[in-house]
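Subject: Structure for your review

Dear colleague,

Please find below the structure that I am handing over to you.

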Amino acid sequence: MNVDIQAIRSDTPLLASTVYMDTAAASLPPDAVLDAVRTYVLDTGHIGIYLPAFRKATYERVEGVRQRLALFLGAQPQEVAFTKNATESISLIARGIDWQRGDEVLVADTEMLSNLLPWRRLEVTHGVVVKMVASDAQGRLSPEAFAQAVTPRTRLLTFSHIPNSTGVVQPAAEICAVARKHGFWSLVNASQSVGLVGVDVEHIGCDFLAGCGRKALRATEGTGFLYIREALIGSIEPVLAGWWNGSYDRQTGALSFVAGARRFEAGCPIVPSIVGLGAALDYATRIGIEAIEARVQELTAYAIGHLSGIDGFELYGPPDAKGRIGIVPFNLRGTDPSRIVAALEQQHCIIEAGGFMADAILARYGVSTMARVSLHYFNTREDIDHMVAAIRAIRAIRNLQPIHRTSKEHS
Ligand SMILES: Cc1ncc(COP(=O)(O)O)c(C=O)c1O
């Protein structure tokens with residue numbers, strides 16, 4: 001494993017003073033990413049954003065990032081589009097399919113709003129039927145559960161490779177094989193998995209994959225992406241149209257779009273974000289995805305092992321670290337999770353609490369809110385010890401004092 005953890009940590013100065021455990025929301029970009037963004041933005045003003053030579057180099061750079069992103073995903077460059085975020089990627093597919101009334105979409109019950117609302121909206125606008133596919137009691141999805149829901153009207157299935165509220169690594173290839181076997185499409189929401197575990201679209205066998213760069217890849221905001229299998233590019237209507245992706249022949253009135261997945265991008269690309277995404281891909285590639293996965297897996301087991309010793313600790317999802325990675329959702333019996341977040345903040349430790357916009361799976365757990373620790377390779381066992389000690393301290397205070405909840409804590 002070529003992870004020089006001290007060198008990695010020194011690339012992110014905040015880690016010297018703060019325990020950061022909210023990568024599942026957004027991670028801390030390393031300085032190499034911030035420098036790439038800053039340099040580009042300064043150059044736009046200092047060199048001249050539309051200086052022809054600079055603009056040409058900028059567009060070449062954008063295409064260079066597209067190539068590196070494609071390589072990272074096991075795709076071809078013409079199969080990858082830049083978007084603003086994963087929600088946009090999912091919506092581009094949901095709105096781009098030629099739905100017929102009564103078509104069916106299978107959506108896993110593990111999904112957060114961004115992979116639910118685009119499909120639910122089709123029920124209203126296109127008469128599409130959304131069928132929810134249940135995960136098991138530990139949040140695991142099975143290919144069989146999807147297969148049972150298939151009918152002749154099924155056109156697409158979708159699920160998160162790693163849901164944000166469980167951290168379960170779903171059997172993506174097996175689930176997508178169900179879609180292939182029955183001749184319909186699969187969309188993998190890889191928002192949490194790209195940069196954390198190996199994601200190879202050929203291996204997974206998906207037709208579409210949506211992701212974002214600001215989580216495990218450690219890019220900045222504004223770095224969504226969409227993979228579309230090449231053979232399907234012509235079957236999906238480009239929802240966004242304008243310069244960059246299309247043209248209009250005034251004589252004939254004909255509209256045309258550029259080749260490849262770039263046709264799903266319209267208007268000025270978000271170059272600062274794309275440049276940062278390129279630096280983030282280089283950074284992750286230097287460490288190596290196997291090394292990242294192995295380290296986060298080991299830290300996840302360490303965190304669960306130590307948190308489990310705390311009185312009242314309730315873990316959601318699988319009972320241990322097996323089959324999950326990075327994300328540790330939990331409650332302390334009798335303690336509002338927002339109190340845990342607030343107490344940890346005072347100890348310079350950042351975690352998150354809430355419903356994570358994943359109502360269906362939280363309802364299965366019988367809760368409406370929970371705390372969530374999410375780890376990345378830059379975390380250490382000492383970080384986890386610090387976090388566990390801080391939670392133990394909350395527990396100790398709670399045992400001494402009755403809690404006076406405020407109405408805000410219940411919201
Ligand atoms: C599983 C999952 N899907 C989708 C999203 C939405 O991502 P974005 O904000 O990039 O649209 C998130 C991010 O919070 C997520 O965790």
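Which residues around the ligand come nearest? In this predicted model, the nearest of the 13 residues around the ligand are Thr-87, Asn-189, Gln-192, Arg-214 and Lys-215. Sorted by class, the shell comprises eight polar, three nonpolar and two charged residues.

An N or O atom in the side chain of Lys-215 is 2.7 Å from a ligand oxygen, and a polar side-chain atom of Gln-192 lies 2.8 Å from an oxygen atom of the ligand. Ala-86 contributes through its backbone: one of its backbone N or O atoms lies 3.0 Å from a ligand oxygen. The protein buries 89% of the 400 Å² that the ligand exposes when taken alone.

I turn now to the sheet. It is open and antiparallel, and its four strands run in the order β11-β12-β15-β14. At the edges are β11 (313-315) and β14 (352-354), each of which pairs on one side only. From one strand to the next, the twist averages 35°.

Within this sheet, β12 (residues 327-332) and β15 (residues 370-374) form an antiparallel pair over four bridges. Opposite Pro-329 stands Arg-372 in β15. Helix α11 (residues 337-346) packs on the sheet, where it touches β12, β14 and β15. The direction of helix α11 makes about 160° with that of β14.

With kind regards

Definitions and conventions
Residues are numbered from 1 along each chain as its sequence is written. This is a predicted model: local features need pLDDT of at least 70, side-chain atom pairs count only at pLDDT 80 or more; totals for chains, interfaces and linings use all residues. Side-chain values use heavy atoms; hydrogens and water are left out. A residue is near a molecule or strand if one of its heavy atoms lies within 4 Å of it. A polar contact is a pair of N or O atoms within 3.5 Å; within protein, one must be able to donate a hydrogen and the other to accept it, and residues adjacent in sequence count only if both atoms are side-chain atoms. Accessible areas come from the Shrake-Rupley method with a 1.4 Å probe; for residues, only the protein chains shown count as cover. Ala, Val, Leu, Ile, Met, Phe, Trp, Tyr, Cys and Pro count as nonpolar, Asp, Glu, Lys and Arg as charged, and the others, Gly among them, as polar. Two strands pair if DSSP finds at least two bridges between them. Helices (H or I, at least four residues) and strands (E, at least two) are DSSP runs, numbered from the N terminus. Axes are lines fitted to C-alpha atoms, for helices over the stretch in contact, and angles run from 0 to 180 degrees between N-to-C directions. Contact means heavy atoms within 4.5 Å.
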